[in-house]
Amino acid sequence: MTLTVETARRMVAAAMAHGRDNGMQPLSVVVLDAGGHPLVFERAEGGSPGRFELARGKAYGCLMLGMSGSVLSRRAEAQPHFVQAMNGAFDGRFVAVQGGALIRDAAGAVIGALGVTGDSSENDAAAAVAGIEAAGLVAEA
């Protein structure tokens with residue numbers, strides 16, 4: 001299965017709605033395809049201008065290493081040198097905190113990643129899951 005722009009738009013809309021419905025700070029959401037290329041990005045009014053890079057970094061790290069944001073976050077705490085090495089390998093585009101999630105199809109194949117930033121890392125991760133699941137896909141946050 002290939003991730004389409006239409007599906008990515010549905011995920012972004014659902015993640016943003018989750019944030020609004022739960023009283024979160026203004027969220028920014030990006031969906032990357034399986035190659036790490038942005039398909040859709042949205043920044044809520046009031047979100048700071050640097051949010052694209054943060055959302056993309058969360059999703060990109062998950063996608064490039066095949067790990068959820070929660071796993072990357074724990075790994076960053078346990079092995080800070082690992083995160084430094086990955087940031088070097090990926091030209092600083094790697095953000096190892098919650099809020100990034102792998103997008104899997106029904107067969108379990110990774111077809112992309114979604115990154116959310118703007119609130120706490122835990123809330124960002126919840127919004128990522130809500131966005132992915134709203135599109136009928138499997139989230140690994």
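Predicted model: local features only at pLDDT ≥ 70, side-chain atom pairs only at ≥ 80, totals over all residues.

Residues are numbered from 1 along each chain as its sequence is written, and side-chain values use heavy atoms, with hydrogens and water left out.

**Exercise 1.** Find the buried residues of helix 3 and state how they are arranged.

*Solution.* 
- Buried means under 20% relative accessible area, exposed over 50%, partly exposed in between (1.4 Å probe, protein chains only). Helices (H or I, at least four residues) and strands (E, at least two) are DSSP runs, numbered from the N terminus.
- List the residues. Helix 3 spans 69–78, and Gly-69, Ser-70, Leu-72, Ser-73 and Ala-76 are buried there.
- Look down the axis. These residues fall within an arc of 160°, so they line one face of helix 3. The arc is taken from the directions from the helix axis to the C-beta atoms.
- Turn to the face pointing away. Arg-74 and Ala-78 are exposed there.

**Exercise 2.** What covers the buried residues of helix 3?

*Solution.* 
- Contact means heavy atoms within 4.5 Å.
- The cover includes helix 2 (51–65), helix 4 (80–89) and strand 3 (100–104).

**Exercise 3.** Describe the two sides of helix 5.

*Solution.* 
- Buried in helix 5 are Asp-124, Ala-125, Ala-127, Ala-128, Gly-131 and Ile-132.
- Their arc is within 160°, so they line one face of helix 5.
- Glu-122 and Ala-134 are exposed on the other side.
- Just after helix 5, Gly-136 has a positive phi of about 75°.
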